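Please look through the sequence and the model shown here before reading on.

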Amino acid sequence: MDQPRLNYTDESLFGKEITLTNCDREPIHIPGSVQPYGFLLCLDPKTHRVVQVSANVQDYLGLPPQELIDAGLDRLLGPERLAEVETLLPTLNETPKLHGVRLDHVAGQPFFKFILHRYDELLWVELEPVADDPAGAINLPVLNTTLSQMIEADTLQAFCQHTVEQVRGIIGFDRVMMYRFGADESGEVVAEDHAPGLEPFLGLHYPATDIPQQARVMYLKNWLRFIPDVSYAPVPLVPVRNPDTGRPPDMTHAVLRSVSPIHIQYLQNMGVTASMSISLIQDGKLWGMILGHHYSGPRLVGYELRDMCVFVGKTFSALLKGKEEREDQAYQLRIRENQLRLFDLLTESPNFIEGLYQHRPNLLDVIDCGGAAICFEGEIVLLGNTPTRSQVQELAHWMQEHVTQDVFYTNSYAQQNPAGRAFRASASGILGISLAKQPGDYVFWFRPELIQTVTWAGQQQKAEVLQDGQLHLSPRQSFESWKQSVEDTAAPWKPIEIRAAREIRLHISDIRLNVFNELQARAISLARLNTELARSNEELDSFAYVASHDLKEPLRGIHNYSLFLLEDYTDKLDADGTAKLQTLVRLSQRMEALIDSLLQLSRVGRLELAVEDVDVNQVLAGVADLLQPRLEQTGTTLRVEGQLPTLRADRVRLGEILNNLLTNAMRYNDKPEKYVTVGLAAGEVRSPKGPLNLADFHVLYVRDNGIGIDPKHFETIFRLFKRLHSQEKYGGSTGAGLAIVKKMVEKHGGEVWLESVPGRGTTFFFSLSKHL
C-alpha cells in the first residue's frame, strides 16, 4: 500500500521562482523534472499504461514523449522481457528494485537498467543506460574488507574514518567527508578523505540552514541523493502534472529526481561538479551524512556502486549505536576505576580533604574537566585551570543564595549569573556538590568554553548579489572560512559524570560522619602527637647538625690528607697510585656536595616561608654578585629583559631558585658566546597543566643558549639526584638542584616547567602565586 505523501513544504510554490527567502518551504519532493542521466516512465498501477514520461526519452530512444503516453511497456519490450517486468510490478513498494532489460522494440535494442518502485499511486520505471565500464562492477573482496574495517574499528573516530575512506574508494570522488549533526542541527566534518592538494575540511562546522528541514525529512526517506553533473539542465515531465490527480507526482523515492536550484548553485559556488550524499540514521533520526564532492568534471557512478554505498551507509547506521555505547562504556569504566581509587585514598588519608587533591587519582582524574576547586572550612584549594580564589569564593556565595539542591550543574554558568562571564574561559561549565548542610563547603569541577571561536565553512548569513541589475538573494558566494564567536558555553555534563559527582558527595558525607564520631578520640591523641612531633623536629635538627658538621669534618680530613699525599708523595707513587688518590679527592668532594644537597632539600620541606614584598631585581642583583666569579670564568653574559616585578615571596628561597637555575645555565653550555636571560613572562602562558591565569600567578623565566634538553627528559630532570650526563661532563653536579627548585616553587603555590630544543638552549619557567 502506498504511504501518505510528504507534507512538510508549501506545494503552492511549485512552478514559481525559488529564492533564499522561500527556499525553506520549497517543495523539493515535486520538482516536476528529472536529471538527464536516465529517463523516467510513470505507470498507472492498475492498467500499467504510461501516464507521464520525461521529455528526454527522445534522446535515449528516438521516440517523442507523446508516442509513449498511454502506451504499455510492450511498446519497448518483447514478450519474454515484458513478462519478467510484469512479474515484478505487483511486488513493488517504496524500496527500488533493479532489473536489467534489453529494449527489443527500440532501434539497436539497447540494454537499460530498470529501477522500479511504487509510490504516490504510481509505478515508477527509471531507466539508466548500461555503460561498458568494468569499474562499475561490485567488487566483493573490497566490500568484505570495508565491512571488516568498519566492524573492527575500536573507536568512533576510526569507525567514521574507515567509512569515508571506503566510500571514496568505491565512487572515486575527489573528496568524501562525514557530517555529524549537533543538537542545534549544525554540522561538523568529523572524518574526511580527499585527493592530494585539496584544502582539508576536517573540523569545519556548517550552519543548520545549509540543509533545510524539508531536505532533512527527504534524507530520512531516501538514503541516497546522486548528482553526476551539477551543471545539468532539468528535464521536465510530460505532462508535468499527473492527469489523474492534477498535481505533480511525489518523487521522494525517485532516483532521477531533479534537485533544488538553490542546492545546485550552492554546489557550484564551491566548485563541485558531481555530488553524492548518503544518509546516516540512528533511532529514526538523522545522525549525519556521508557527502562526496567531485571537482574535476561530471562523474557517473553506476547504480550498483551507488547501491553498495547505501549498503555501507546502512551498515554504519546499524553499527553506530554499538560503537557509541562502547566509547561510553570505556569512559564509564575509567570514571568508575578512578572513583574507586579516589575513595580508597579518601578513606586512607588522615585528612579526607587532602585525599581529594594531594594524590593520583584526584578530582581532575574522575571527571573530564579543565580544573577543580575545593571550598572547605574557609579554605580554597585550586586544581588545574580554574577561576581565581576570589571568583571561586563568589561562586560559592552565589550557590548558597540560589541553589538548594545538593548537586548543581550547568554548561553555561554565565547565562544564570552574568558575573560568570568574567571567568568563562576557564569555567563556562560548572558541576558542583555541596559537602554539608552548613553553607560554604563545596567541590566544583570546571569546564572552559567549548570553543572560543568556531570555524564555519563560509558565512552563515546568505549573501546578496546583483544579477542583471537587480538585487537577488543567493547562497554563499564564497566557501572561505570565517569565525563566529561562540560564547559562554561548555561541553555538557554527561549523566555518568553527574552520577559520579553525586556518589563522591555521598562518600564524603559518610567519611565526615565517621570523622565526627572519632573527633574526641583524635583530640586526645593530638596532644600526644604534637609532643612527639616536637621531639621529632628536635631530632631532625640534631640530624641536620650532625650531617652538616660531624659528617663533613671527617670528609674534609679525608679530602685534605689526600691532597697532602698527592703533594708530598706523587714522585714516589706510580701512575696508578696517583690516579687512585685523585679519585679519592673527587669522591670526598662528591660526598660533601651530596650531604649539602640533602640538608638543603630537607630544610626546604620543613621550613615555613617568610613571605614579604620582594623586589626581584634586587634579589637577582644579589645572586649575580654571588655568581660573578663563575660568570667571568665561563664567559657568560647575564641579561634582564624588562623590569622585573615586586611580588610576595620568601626572599631567601627566591634567591636560591634563581641561583640554581643560573648555575645550571652556565654549567650546561658549550657555546663560544654564552648568555642567560631572566625575564617576566607575559601574554598567554601555558604550563603542562594548561593555561595559567596571570591574574593569579607571576611567571618568571631563565633562558640560556646552551646544550638543550631532549623532551623525553622534561619530567625526570626534576627528580632528586637525576643527572643526564656523567660526572666528568660539564663540571659535574649532584643532581639535586632542580629537585630543590621544584620544591621551593611548589612552596610558593606554583609550578616549574621547561621548553627546550637540543642544541639550541633551554627556558625554565616558574610560577609564583599572587595570593601568598
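## Terms and basis

A residue is called buried when its relative accessible area is under 20%, exposed when it is over 50%, and partly exposed in between, with a 1.4 Å probe and protein chains only. The areas themselves come from the Shrake-Rupley method with a 1.4 Å probe, and for residues only the protein chains shown count as cover.

This is a predicted model, in which local features need pLDDT of at least 70 and side-chain atom pairs count only at pLDDT 80 or more, while totals for chains, interfaces and linings use all residues. Residues are numbered from 1 along each chain as its sequence is written, and side-chain values use heavy atoms, with hydrogens and water left out.

## Salt bridges

Side chains of opposite charge can pair when their charged atoms come close. With a salt bridge taken as a side-chain nitrogen of Lys or Arg within 4 Å of a carboxyl oxygen of Asp or Glu, the structure holds 24 salt bridges. One of them joins the side chains of R175 and E192, at 2.4 Å from N to O. This pair links distant parts of the chain, since R175 belongs to strand 7 (residues 175-181) and E192 to strand 8 (residues 187-194), 17 residues apart; helices (H or I, at least four residues) and strands (E, at least two) are DSSP runs, numbered from the N terminus. R175 is buried at 2% relative accessibility, and E192 is buried at 9%.

Another salt bridge is formed by R334 and D368, whose closest N and O atoms are 3.0 Å apart. R334 lies in helix 8 (residues 303-348) and D368 in the loop between helix 10 (363-366) and strand 14 (371-376), so the pair ties together parts that are 34 residues apart in sequence. R334 is partly exposed, with a relative accessible area of 34%, and D368 is partly exposed at 33%.

In the salt bridge between D365 and R360, the closest N and O atoms are 2.6 Å apart. Here D365 is buried, at 16% relative accessible area, whereas R360 is exposed, at 60%.

## Patches on the surface

Patches are made of residues with over 30% relative accessible area and no salt bridge, where like charges are joined within 9 Å and nonpolar side chains (Val, Leu, Ile, Met, Phe, Trp, Tyr) within 5 Å. A nonpolar patch is formed by L565, Y569 and L573, which together have about 250 Å² of accessible area. L565 sits in helix 15 (residues 552-569), and it is partly exposed at 37% relative accessibility.

## Other places along the chain

P36 is found in the loop between strand 1 (33-34) and strand 2 (39-43), where it is partly exposed with a relative accessible area of 30%. P36 and A55 are 19 residues apart in sequence, and their C-alpha atoms are 9.4 Å apart in space.

In helix 19 (residues 737-747), the buried residues include G737, L738, A739, I740, V741, M744 and V745. Helix 19 is followed by G749, which has a positive phi, near 75°.
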